[in-house]
Amino acid sequence: MKVLATRRYPGPAFDELLDVEVQELTELESPRPDVEAVVVANEPMPLDLLPGLQLVANYSVGYDRLGIEELSRRGVAVSNTPGVLSAATADLTFALILATRRRVVEGDALVRAGKWTGQWTDGFVAEELTGSTLGIVGLGRIGQAVARRARGFELRVLYAQRRPAETDLGEYRELDALLAESDVVSIHTPLTPETRGLIDARRLALLRDGACLVNTARGEIVDEAALVAELVSGRLRAGLDVFAHEPNVPAELLALRNVVLTPHLGSATRQTREAMTRIVVDNILAFERGDPLLTPVAV
Ligand code: DGY
């Protein structure tokens, strides 16, 4: 099967693809009817240049930027990489919770600037994480991994999602109630038409003064302009790994000390990224054999 991959994806599994060409899709200038499968990282595709496309093997669990309706209309199969990135993303969530709540990046900047006087009793006093309330928006695989880690920090866990689940990982709340009751809110829903702009200005206003908002899911789930306004006012703190218009980060955030910013690092561990490639390749090989996809996206 002729595969076009937008980069050499990490790990040994990639070498099992026998007929693969590495090329950015933005560099395609003329139609490539020979290409049967593409490997992309949740990127839009120039479908008119790929008339023979049968499979999109998405190197990402999220598939919100693929243009899924059009792929479905054309009968193109789609796979993604669920499961293998839950631990890495949950770990990064806690890195952001801790960094934001305990002012780690602010402290680091002070030390690097040579401004630390040596006294420790007055500066950077933060709110304790242990014993506080964590609100998880979306208790899917990643949300559950976050909830399990929260036990180690003795957090009280609330969760909101469409329906209450049979779970001992946290207490169900309607979204508005969760926002009003939590010290830290962490977002773990996929981006869908229903979740786009879910955390809007009204809902941000429900957060307690000093609360932390952590987003390792998708920037578009939050009204970014409204969040920027809350952060500029200093009322909230935030740890943000994702943004509405990546790689653009609102300029107002860059100078703020109450915000920790990371460049979409959720799944960025060697083990996870190699496991994602393994799933991508296994899906392509299964498709080639005529077997069902291992992790199909329902299109
Ligand atoms: C995904 O898989 O959707 C992530 O955004 C990649 O880290």
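**Close-up views of a predicted model**

**View 1. Surroundings of the ligand.** Asn42, Ser60, Val61, Gly62, Leu85, Gly266 and Ser267 surround the ligand in this predicted model, a residue being counted as near a molecule if its C-beta atom, placed from the backbone, lies within 6 Å of it. This shell holds two nonpolar, five polar and no charged residues, where Ala, Val, Leu, Ile, Met, Phe, Trp, Tyr, Cys and Pro count as nonpolar, Asp, Glu, Lys and Arg as charged, and the others, Gly among them, as polar. Residues are numbered from 1 along each chain as its sequence is written. Because the model is predicted, local features need pLDDT of at least 70 and side-chain atom pairs count only at pLDDT 80 or more, while totals for chains, interfaces and linings use all residues.

**View 2. The two domains and their contact.** An automatic or database domain assignment divides the protein into domain 1 (3–83 + 269–289) and domain 2 (86–261), and their C-alpha centres lie 31 Å apart. Six residues of domain 1 are in contact with six residues of domain 2, contact meaning that the C-beta atoms of two residues, placed from the backbone, lie within 7 Å. On the side of domain 1 that touches domain 2, the residues divide into one nonpolar, four polar and one charged.

**View 3. Burial in the protein.** Of the 299 residues in the protein, 39% are buried, a residue being buried if 20 or more other C-beta atoms, placed from the backbone, lie within 10 Å of its own. Among contacts in the protein with a separation of 6 or more, 58% are between residues 24 or more positions apart. The C-alpha trace spans about 65 × 50 × 30 Å along its principal axes.

Technical notes: A residue is buried if 20 or more other C-beta atoms lie within 10 Å of its own, exposed if 12 or fewer, and partly exposed in between; C-beta atoms are placed from the backbone.
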